[in-house]
Amino acid sequence: MGSLGNAERIDVVIVGAGIGGASCAIACARQGMKVTLFDQAPELLPIGDSVGFGSNSSKLFKRWGLYEDMWQVSSRANDTIMRNWDGKVIALDQTLATAEARYGYRGLLGHRGHYHRILIDHALKNGVELRLGQKIERYDAEKPSIFLPSGEEIVADVVIAADGVKSPGRTAVLGFEDAPIHSGYAVWRAYGDSSIFEGDPLVEEFLQKDCVNLWIGPDLHGFVTTVRNGKEINAVLTHKDVADIAEGWQFPGHRDEILRTIKDWDPAFVRVWEKIENIIDWKLVYRPCLDKWVTDSGLVAVMGDAAHPFLPTSTQGASQAVEDGATIALCLAKAGKHQIPLALRTYFALRYEHVRAAQQVGITQRDKWHNLHDKTTKKMMKTLDTSKGVLDSYSLWDHDAEKVVEDEWDNVSEQVRLQFGLP
């Protein structure tokens, strides 16, 4: 905890108690700030499927005292096996096993719900006040404040909108409501108990220990991962889609449609989709990285998916939200209670170019995997360079968001001060 006196203690309101918002809450509380975390959900259920954190965010969890708890529910997989659509192995990537030696910290892969519970528990342990079932009606960027449906107004020193891709906080920042863009793709995804595959020779290999398997083909790529010593299995398949996202983003997945799509693929991958339960079809919406994250008042900022939604192929959406939260907390601590606009504008200046480049990785990675084959014959026509691993986002694992603030605060904050005429 920091050593700010009560008179100088920064009062932070964070809207959205997802992974990004909870991370920001922990980081701010550790700096001695008063933090209130709001979410519209009446209770935080362990929803979702697998999520990964690169070494760039796991190093932050380590400093904040969360890493050991997160490791207990994480995959022990040491490699990622990349296969062609027909099952032929293309590459064996050992980054998961070597990450600690290469980047200083091992990445984390597990169930989103398990990680989220750990983050919330640590937020509460650090003194964060959590208020659930509170849908925010609107923001007042000048005070700043938020308004609840009851009419209650909550005034703070700073408001952070971590309210996701549908973010009302974006409207407060931009001054208008911008519609999300359908990416042209969707993901069939499912997560469940792997016992339904016991004794199945096609899938048995995946259940012996934790594993990460990737299949690539024309306009498609899919993963099968297992965690908790093979006891839980997650399957995802990214496919082209033309749905109208105005009608909704999440629908039940139809098994027959999936099986038609992969009818001649690796029999092991097909068998997973023949049996796995609780399939959903998640439409991948997209927005380019906002070029404005802070209101004109300098007192309200967006972070995470509210500022820069990531495609799953980046494997960095959660990690970048965590980095945002770490950066916000340290910038606020350095600027102090009476220079919130300096803190938030410096946060944007430090993060924007890095995040914009990271966001593009999801697009280029997907296009690389989906365009290796002839669309008609399915024959691989291009050589795939896996010398640096199967994920382009490994290039981001070295990044240390807190070190960037420590190293660049003086220079960047002075530039921001001059640009905006701040005291």
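Biologist: How do you know that the span of helix H5, residues 112-125, agrees with what a helix of its 14 residues should have?

Modeller: In this predicted model, the 14 residues of H5 should span 20 Å at 1.5 Å a residue, and because the end C-alpha atoms are 20 Å apart, the two values agree. Among the residues of H5 that are buried are Tyr-115, His-116, Ile-118, Leu-119 and His-122, and the helix is followed by Gly-127, whose phi is positive, near 90°.

Biologist: What makes helices H10 and H11 a roughly antiparallel pair?

Modeller: Helix H10 (residues 317-335) packs against helix H11 (residues 340-370) at an angle of about 155°, with the axes 8 Å apart. Angles over 145 degrees count as roughly antiparallel, so H10 is roughly antiparallel to H11. The crossing in which H10 passes H11 is right-handed.

Biologist: Why are strands E5 and E16 said to stand at the edges of their sheet?

Modeller: The sheet is open and has eight strands in the order E5-E4-E13-E14-E15-E12-E17-E16, with mixed pairing. Strand E5 (89-93) and strand E16 (250-252) each have a single partner strand, so one side of each is left without a neighbour in the sheet. On average, neighbouring strands of this sheet are turned by 20° against each other, direction ignored. The pairing of E5 with strand E4 (residues 80-84) is antiparallel and runs over four bridges, with Thr-80 opposite Asp-93 in E5.

Biologist: How do you know that strand E13 and strand E14 are paired, and in which sense do they run?

Modeller: Two strands pair if there are at least two bridges between them, and seven bridges join E13 (residues 211-217) to E14, the two running antiparallel; Leu-214, for instance, has Phe-223 in E14 as its bridge partner. E13 and E14 form a hairpin with two residues between them, and Asp-219 in the turn has a positive phi of about 65°. Strand E14 also pairs with strand E15 (residues 232-240), in the antiparallel sense and over seven bridges, and Val-224 stands opposite Ala-235 in E15.

Biologist: What makes strand E14 mostly covered?

Modeller: Eight of the eight residues of E14 (residues 220-227) are buried. Both faces are covered, with Leu-220, Gly-222, Val-224 and Thr-226 buried on one side and His-221, Phe-223, Thr-225 and Val-227 buried on the other.

Biologist: Which strands does strand E12 pair with, and over how many bridges?

Modeller: E12 (residues 181-193) pairs with strand E17 (residues 280-286) in the antiparallel sense over six bridges, where Ala-186 has Lys-283 as its bridge partner. The pairing of E12 with E15, in the antiparallel sense as well, runs over nine bridges, and Tyr-191 stands opposite Asn-234 in E15.

Biologist: Why are Cys-24 and Cys-331 called buried?

Modeller: Buried means under 20% relative accessible area; Cys-24 has a value of 0% and is therefore buried, and Cys-331, with a relative accessible area of 0%, is buried too.

Conventions
Residues are numbered from 1 along each chain as its sequence is written. This is a predicted model: local features need pLDDT of at least 70, side-chain atom pairs count only at pLDDT 80 or more; totals for chains, interfaces and linings use all residues. Side-chain values use heavy atoms; hydrogens and water are left out. Buried means under 20% relative accessible area, exposed over 50%, partly exposed in between (1.4 Å probe, protein chains only). The expected span of a helix is 1.5 Å times one less than its number of residues. Axes are lines fitted to C-alpha atoms, for helices over the stretch in contact, and angles run from 0 to 180 degrees between N-to-C directions. Angles under 35 degrees count as roughly parallel, over 145 as roughly antiparallel, 65 to 115 as roughly perpendicular and the rest as oblique. A crossing is left-handed if the near helix is turned anticlockwise from the far one by less than a right angle, and right-handed if clockwise.
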